[in-house]
There are 2 protein chains.
Amino acid sequence: MSTIEDVAKLAGLSRTTVSRVLNDHPYVSVEKKRLVQQAMEHLGYVPNSAARSLRNQKTGIIAVLIPKISTPFFSQLLERLEMAASAKSYQLIICQTQFSKQKERNYLNLLKTKQVDGVIMTSFENDWSIIESYLNYGPILLCNEIVENAEIPTVYMNQANCGYIVAKHLLERGHRHIAYCSNGIVSEGMKAREQGFKRALAEASCFFEEKFYFENVSSVEDGKRIFRKIANMKIIPTAIFTGGDHVAAGIISEAKKQGWSIPKELAVVGFDDMEITELLDPMITTVIQPVEEMALKSMEVIYEKIHKKQYRSFEKYEFFSKLAVRDSTRMKRKLVATF
Amino acid sequence: MSTIEDVAKLAGLSRTTVSRVLNDHPYVSVEKKRLVQQAMEHLGYVPNSAARSLRNQKTGIIAVLIPKISTPFFSQLLERLEMAASAKSYQLIICQTQFSKQKERNYLNLLKTKQVDGVIMTSFENDWSIIESYLNYGPILLCNEIVENAEIPTVYMNQANCGYIVAKHLLERGHRHIAYCSNGIVSEGMKAREQGFKRALAEASCFFEEKFYFENVSSVEDGKRIFRKIANMKIIPTAIFTGGDHVAAGIISEAKKQGWSIPKELAVVGFDDMEITELLDPMITTVIQPVEEMALKSMEVIYEKIHKKQYRSFEKYEFFSKLAVRDSTRMKRKLVATF
DNA sequence: TTGAAAGCGCTAACAG
DNA sequence: CTGTTAGCGCTTTCAA
């Protein structure tokens, strides 16, 4: 393995000059530059990144903390983050917290040991007060969630708007009895989603019925369970916002089994735009998260923070979801709207 | 940011002693050890990893090259690799090749620049001769594929066995007219799969009909297309091995639309055990790949190579798939077997 | 059992 | 425009 010294010797120059060529510094004569480049090529020289990191106090690496990689949403986000990082010549170290406070803290230590220049978190397992203490060692950015008092740049999707447009969509299709599923996670975002949803109803003078509120619903099984509940109600909702494609799939699957017609008898809205939404029959109307935009913005902002060395800030970058309208809310027969 | 020097000063000892404590060396008196530890704690000292890497010529980082992260199989593999790495206190740098030769080479350069101790590849975009040249800089392991003449440790699934058990399963259920889909990828593995499949048929004295061989089939759309083709054949196969859950989903979806009954009129086998297999009706019989085992073995082997500094070898680690038998091949009515 | 000193490979004042 | 020199923070001889 050849070093900068070897190159210098072969080129008959000093290490400094070689370094200057390496870093595209001005003040190197064209002639010496060529000399250096020839020597580098001849030796197959490649700069050692550990030495550079040590000297520059920069690694060119960012850590991404994710609860579980194989979750479709996270794998999409990770994919986009990698692309964004790559475009900026950064490497990504991938850290799976598996929802563990301990693991999250361990990974945040990468900041302390200077193994990474910055950290992108996609959720908080520990309290803000814990996270905060790592801010002394480098920038942290929160992508995909929003935490009230967290004094770090945050990239997130406006959940209130999301709830709002879903409700609006269903209202426009004449639905007045709309059910809502919460996934049991208590977070700013989840609260906002619910509020946005209810606001749309209120604006349409549509009263939200508490009996149509389902809690702790997140899996296919939950969806099936919820459907059975619904099927047994005296007053049955005509539409449901499930908060998750899995739940939607479960509801539809159970509904079909019991001979219901979707969306005629029950319109269903999912969340996440997972693959299954286009595979099931009917295809599921779902919320598309702005994954790519959030990834790009996250990289842009963390990059800036790394270079500005000013890590605390309440800046928020907001993105909006889109609704992919598919068959599960597309009326084949006109619904009798209640005015 | 405090350094080892600061700790030494505060403890009234030398850097050497502090380093010894840090690395659990023998020959440090209990008393000095305590002193050092106190000083470290007091200063919130954490060793700088760039300095360590430079000095030790080891980074504790492994690069994983993957074509596309969000592909369900790869995200699962990545998840397992991360867990295995974490267990060995290694970090993973994630590299998306996006099927590009150029990107693959760029990422392999991480080995040259000593940014990583080793590389795990999950596919080859470049020829072996290219890849080989990077072997001078560190170990490379191939996980998930097998490349004939590649002189590196390889962890893979036995595709021949996979094709064999699928065919066997269908034969046992009385099928004699079985269709086969190739995904268009020309690789050792794909060839082996096909051969294993045909071998099982041959052993059952069942002649494989070339008209039941479909090429370049990999998406949902392909599946739908294939089904339409099948529906128009004079002699119709009673079962099909799709080589992919997407394809299977497409076939089933189109078949149902045309009023066919699955598996009664056509048994379908997928591949990958993706989420959809359990969500569709009927649930899809599919091949489960030994992801976790392959990930663990990969980490174990690359770890060993890193430490043995002997990178070339033809060693192969073989794993076997399992068949998840679900509704799409479960006969409700006995099929008339042709003898 | 401890410490002094050299050096991993690179970059950036500073001086010329 | 170019080179000398002094480290970045750590580990490891070697000597005591």
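Author: Domain bounds, as the word domain is used here, come from an automatic or database domain assignment. On that basis chain A of this predicted model is divided into domain 1 (4–47), domain 2 (61–157 + 291–320) and domain 3 (159–289). Between domain 1 of chain A and domain 2 of chain A, the C-alpha centres are 37 Å apart.

With that outline in place, we can turn to the part you asked about, the contact between the chains. Chain A brings 47 residues to this contact, and chain B likewise brings 47 residues. Together the two chains bury about 4,100 Å², and 58% of this area lies on carbon and sulfur atoms. On the chain B side, 14% of the area buried against chain A is supplied by B:Glu79, B:Glu82 and B:Leu279, which is more than any other three residues supply.

Sorted by residue type, the side of chain B that touches chain A holds 24 nonpolar, 15 polar and eight charged residues.

In one salt bridge the side chain of A:Glu79 meets the side chain of B:Lys68, with N to O at 2.7 Å. The pair qualifies because a salt bridge needs a Lys or Arg side-chain nitrogen within 4 Å of a carboxyl oxygen of Asp or Glu. Over all chains, this rule gives a count of 40 salt bridges.

Strands from the two chains also pair with one another. Strand β2 (residues 91–96) of chain A runs antiparallel to β2(B), and two bridges hold this pairing. Within it, A:Ile93 is placed opposite B:Ile93 of β2(B).

Four strands of chain B make an open sheet, in the order β7-β6-β8-β9, with parallel pairing. Here β7 (213–214) and β9 (267–269) of chain B are the edge strands, and each has a single partner strand, so one side of each has no neighbour in the sheet. Further in, strand β6 (residues 178–181) of chain B and strand β8 (residues 239–241) of chain B run parallel and are joined by three bridges. As part of this picture, B:Ala179 stands opposite B:Ile240 in β8(B).

Finally, some local details deserve a careful look. A:Glu194 and A:Lys198 form a salt bridge whose closest N and O atoms are 3.2 Å apart, and both residues belong to helix α9 (residues 188–203) of chain A, where they are four residues apart, about one turn of the helix. A:Ile262 and A:Pro263 are linked by a cis peptide bond with omega of about 5 degrees, and A:Pro263 sits in the loop between α11 (245–257) and β9 (267–269) of chain A. Another cis peptide bond links A:Asp281 and A:Pro282, with omega of about 0 degrees, and A:Pro282 sits in the loop between α12 (276–279) and β10 (286–288) of chain A. In chain B, B:Asp24 is not a glycine, yet its phi is positive, about 55 degrees, and B:Asp24 is found in the loop between α2 (15–22) and α3 (30–43) of chain B.

Note on methods: Residues numbered from 1 in each chain as written. Chains lettered and ligands numbered in written order. Predicted model: local features only at pLDDT ≥ 70, side-chain atom pairs only at ≥ 80, totals over all residues. Heavy atoms only, no water. Contact = heavy atoms within 4.5 Å. Buried area = accessible area lost by both parts, 1.4 Å probe. Nonpolar A, V, L, I, M, F, W, Y, C, P; charged D, E, K, R; others polar. Pairing = 2+ DSSP bridges.
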